[in-house]
Amino acid sequence: MNAIMADDRSIASLRGAVALSHFFLRERVRPGDRVVDATCGAGQDTLLLARLVGPGGKVWAFDIQTEALARAMDLLVSEGLDGRVEFVHSGHEQIAEVIRGTVQAAVFNLGFLPGGDRTIRTEAGNSVAALDQASGMLAPGGIITISVYTGHTGGSEEGTAVEVWASALRPDRFNVWRSRQLNRPESAPYLVFVEKCTGTALK
């Protein structure tokens with residue numbers, strides 16, 4: 001366990017939105033926490049979260065594709081961490097229908113499943129609905145990380161919708177950041193980061 005946790009605290013590179021998202025998750029998620037992977041995909045974010053929450057924590061992993069969930073389950077089983085995860089075959093806009101109580105973190109990795117059908121992807125309306133629900137269940141000091149991709153059909157519109165949503169969050173309740181690598185193309189993925197202020201009650 002100590003070897004796993006030590007590995008999870010190390011960062012080889014901060015290239016890309018996902019790497020930066022993982023940096024923040026390692027800083028905030030602790031053993032025993034409850035967290036959400038709103039876009040499970042092949043399970044890489046789910047795996048990190050399962051390691052971070054430890055045997056006393058819980059991860060909810062949402063995806064609309066059975067292919068994605070199967071790949072993620074196989075990955076978690078191979079690591080012996082599937083017992084910490086509840087896989088939910090549903091869109092992330094159903095988060096509030098599944099989870100009750102607070103969560104420490106919610107991860108959104110927007111777009112499509114790598115290597116999968118690119119016509120099946122996250123969409124602006126559903127993503128904003130899910131983000132609104134996730135922000136409402138964040139514990140004080142909890143975070144939402146949103147990896148935004150604009151280089152595919154509908155990506156720019158979804159990115160704009162996410163930024164409009166995030167910009168409207170009350171500054172006395174949330175800290176919101178947008179981080180983009182300046183030495184990468186404008187179409188490269190970027191991260192939107194939301195932190196619920198400490199001392200703030202549920203939304």
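Let's start where two helices touch: Val18, His22, Leu25 and Arg26 in helix H2 meet Gln44, Asp45, Leu48, Leu49 and Leu52 in helix H3. If you sort the residues of this contact by class, you get five nonpolar, two polar and two charged ones. Please keep in mind, as you look at it, that this is a predicted model.

How do the two helices lie against each other? In general, two packed helices are described by the angle between their axes and the distance between the axes. Here the axes of H2 and H3, the latter covering residues 44–53, come within 11 Å and cross at roughly 15 degrees. Angles under 35 degrees count as roughly parallel, so H2 is roughly parallel to H3. The crossing of this pair is right-handed.

Now let's step back to the whole chain. It has seven helices and seven strands. Going along the sequence, the pattern reads α-α-β-α-β-α-β-α-β-α-β-α-β-β. Of the 203 residues in the chain, 48% are buried. And if you take the contacts between residues at least 6 apart in sequence, 71% of them join residues at least 24 apart.

Next, the sheet. In what order do the strands sit? The seven strands form an open sheet, in the order E3-E2-E1-E4-E5-E7-E6, and the pairing is mixed. At the edges we find E3, residues 85–89, and E6, residues 174–179; each has a single partner strand, so one side of each is left without a neighbour in the sheet. On average, neighbouring strands here are turned by 10 degrees against each other, if we ignore direction.

A reminder for anyone new to this: strands of a sheet pair through backbone hydrogen bonds, either parallel or antiparallel. Let's look at some of the pairs.

What does it pair with? E4 and E5 run parallel and are joined by six bridges; in that pair, Phe108 has Ile146 in E5 as its bridge partner. E5 and E7 pair over six bridges too, but in the antiparallel sense. There, Ser147 stands opposite Leu191 in E7.

One last stop, and it takes us back to Val88. Find Thr66, which belongs to helix H4, residues 66–78. With a relative accessible area of 55%, Thr66 is exposed, because the cut-off for exposed is over 50%. Thr66 and Val88 are 22 residues apart along the chain, and their C-alpha atoms are separated by 9.8 Å.

Methods
Residues are numbered from 1 along each chain as its sequence is written. This is a predicted model: local features need pLDDT of at least 70, side-chain atom pairs count only at pLDDT 80 or more; totals for chains, interfaces and linings use all residues. Side-chain values use heavy atoms; hydrogens and water are left out. Two strands pair if DSSP finds at least two bridges between them. Helices (H or I, at least four residues) and strands (E, at least two) are DSSP runs, numbered from the N terminus. Axes are lines fitted to C-alpha atoms, for helices over the stretch in contact, and angles run from 0 to 180 degrees between N-to-C directions. Angles under 35 degrees count as roughly parallel, over 145 as roughly antiparallel, 65 to 115 as roughly perpendicular and the rest as oblique. A crossing is left-handed if the near helix is turned anticlockwise from the far one by less than a right angle, and right-handed if clockwise. Contact means heavy atoms within 4.5 Å. Ala, Val, Leu, Ile, Met, Phe, Trp, Tyr, Cys and Pro count as nonpolar, Asp, Glu, Lys and Arg as charged, and the others, Gly among them, as polar. Buried means under 20% relative accessible area, exposed over 50%, partly exposed in between (1.4 Å probe, protein chains only).
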